[in-house]
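Open the model in your viewer and follow the stops below. Each one says what to select and what is there.

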Amino acid sequence: MIKRGIFKANDIRGITGGLDPEWDAAGAYAIGAAAVDVLDLQTARALVVGRDMRISGPRMTGAFIDGVLSRGVDVIDIGLSSTDQLWFASGWLDLPGAMFTASHNPAEYNGIKFCLAGAKPITSANLVEIAERASGSEPKPAATTGQRTERDVLSAYADHLHSLVDMTGIRPLRVVADAGNGMAGYTLPAVLGSDDLDLIGLFTELDGSFPNHPPNPLEPENLLDAQAAVRDHAADLALVFDGDADRCFIIDERGTVVNPSAVTAMIAAQELAREPGATIVCNKITSRVVSEVVQAAGGKIVITKVGHTFVKAAMAEHNAIFGGEHSAHYYFRDFWGADTGMLAALHVLAAVGHSDRPLSQLVAGFERYAASGEINSRVADQQMIMDRVAAAFAGRGEQDRLDGLTISGPDWWVNVRPSNTEPLLRLNVEATSTETMEALRDETLGLIRA
């Protein structure tokens with residue numbers, strides 16, 4: 001059983017249990033069989049598959065794998081995995097991949113993120129075709145079924161990350177790490193198990209029911225535990241991961257959340273110092289500070305729609321050295337252009353560890369604007385609301401529709417866009433002053449929620 005609504009712009013996500021499931025094991029099997037043709041897996045040597053700690057993971061992943069095997073394609077099962085560990089396996093083995101995760105969604109959800117060999121992104125059109133084939137008649141099984149083998153790639157993943165960031169000679173750091181009962185609890189010991197790091201773990205036990213707080217660091221209430229722990233333990237910083245550990249939020253030594261755009265700007269500056277003139281990618285919602293920092297450093301900036309498939313495609317097209325999103329997704333050319341919260345965390349740790357200044361001072365120069373953060377509203381007609389906002393702001397700034405609706409003034413911008421994964425309209429506002437930001441935020445929210 002499959003409801004077409006589980007197919008989003010960038011991946012698959014839907015409820016797998018309860019009274020009204022959106023897909024089940026039979027649907028996962030059908031998606032696995034359909035993906036063979038759409039992604040031309042019969043030409044590849046195999047498909048690499050990983051899963052997060054969600055309760056439905058073994059059941060849904062097993063059915064999907066059976067669907068792939070039925071079409072004569074081998075599967076390398078890496079078992080429990082963060083999403084960026086799956087991207088690593090795809091790049092390291094040069095194989096297409098499928099990651100079973102619903103990222104930050106609640107416990108009753110599960111989903112799939114796909115990639116081509118070398119962790120290259122699939123397209124939205126690929127997902128549409130998978131949906132059509134999986135909803136149709138079952139394809140004919142192959143004369144010879146594929147073979148499933150298991151492989152542990154955790155240590156190789158950790159070794160690769162450490163090869164990309166120089167952590168030698170850093171000063172001792174005390175680091176709080178909130179895994180949110182997600183996959184960071186699995187990868188943290190392998191990556192950050194160092195004598196130089198006094199690691200204080202929060203909620204590191206894998207538990208797909210998320211008993212402590214939802215695995216969504218975009219919501220401020222889900223950062224409170226890490227903020228308190230930084231202050232209680234006099235830590236140098238905190239790292240907060242989402243459920244599949246491909247995103248990482250940073251909290252400074254005061255317990256203050258560092259804006260992901262400031263992290264993007266800081267890492268971009270470091271990467272441009274290493275490779276002058278390189279290209280940096282960011283999405284439409286990222287702070288203007290990123291473009292300002294990149295241009296001041298002599299780099300090139302490319303703006304994309306929100307979403308990992310769009311950013312990864314731009315990374316590949318422009319051979320970009322680094323990319324960042326407002327949601328704390330960070331992309332690296334040396335990581336096959338894919339997103340990895342753990343590698344971003346290592347970059348921040350290296351910057352702090354090689355400096356005698358605290359993190360708050362290191363990022364101060366990259367926090368130039370007041371931002372609303374992402375504000376969600378559930379509305380019946382997303383397009384009608386965006387048109388209403390466009391009409392209300394007519395003549396007050398430049399408008400574009402690259403990703404939803406953006407109105408840009410000389411010292412502010414407003415963006416309203418539909419979610420790629422949920423039935424929501426998202427609002428982001430930025431301005432040079434808090435007063436201007438709040439006025440624009442309240443005005444636009446009034447238009448959205450009227």
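Buried means under 20% relative accessible area, exposed over 50%, and partly exposed in between, with a 1.4 Å probe and protein chains only. By that cut-off, 58% of the 450 residues in the protein are buried. This is a predicted model: local features need pLDDT of at least 70, side-chain atom pairs count only at pLDDT 80 or more, and totals for chains, interfaces and linings use all residues. Residues are numbered from 1 along each chain as its sequence is written, and side-chain values use heavy atoms, with hydrogens and water left out.

**Whole chain**

Select everything. Color by secondary structure: there are 14 helices and 23 strands. Helices (H or I, at least four residues) and strands (E, at least two) are DSSP runs, numbered from the N terminus. The radius of gyration is 22 Å, close to the 22 Å that the globule rule gives for 450 residues, so the protein is as compact as a globular protein of that length. That radius is taken over C-alpha atoms, and the rule is 2.2 Å times the number of residues to the power 0.38. The C-alpha trace spans about 65 × 55 × 45 Å along its principal axes.

Contact means heavy atoms within 4.5 Å. Of the contacts with a separation of 6 or more, 69% join residues 24 or more positions apart.

Now show the surface. The accessible area is about 16,800 Å², and carbon and sulfur atoms hold 50% of it. Areas come from the Shrake-Rupley method with a 1.4 Å probe; for residues, only the protein chains shown count as cover.

**Residue 40**

Select aspartate 40, in the loop between helix 1 and strand 2. Its phi is near 55°, a positive value in a residue other than glycine. Most residues other than glycine have a negative phi. Aspartate 40 is partly exposed, at 43% relative accessible area.

**Helix 2**

Select residues 57-70. This is helix 2, with 14 residues and a reach of 20 Å from first C-alpha to last, close to the 20 Å expected at 1.5 Å a residue. The expected span is 1.5 Å times one less than the number of residues.

How many of its 14 residues are buried? The count is 10, and helix 2 is mostly covered. Among them are Met60, Phe64, Ile65, Val68 and Leu69. The cover includes helix 1 (25-38), strand 2 (47-51), strand 3 (75-80) and strand 5 (109-116). Step just past helix 2 to glycine 72, where phi is positive, about 85°.

**Helix 3**

Move to residues 83-93. Helix 3 is mostly covered too, with 10 of its 11 residues buried. The buried set includes Leu86, Trp87, Phe88 and Leu93, along with Asp84. Aspartate 94 follows helix 3, and its phi is positive, near 55°.

**Residue 169**

Jump to glycine 169, in the loop between helix 5 (154-164) and strand 8 (173-178). Buried or exposed? Glycine 169 counts as exposed, because its relative accessibility is 70%. Beyond neighbours within four places in sequence, glycine 169 is in contact with Gly353 and His354. Draw a distance to threonine 43: the pair is 126 residues apart in sequence and 46 Å apart in space, C-alpha to C-alpha.

**Residue 234**

Finish at alanine 234, in the loop between helix 7 (224-232) and strand 10 (237-241). Phi here is near 50°, a positive value in a residue other than glycine. Alanine 234 is exposed, with a relative accessible area of 60%.
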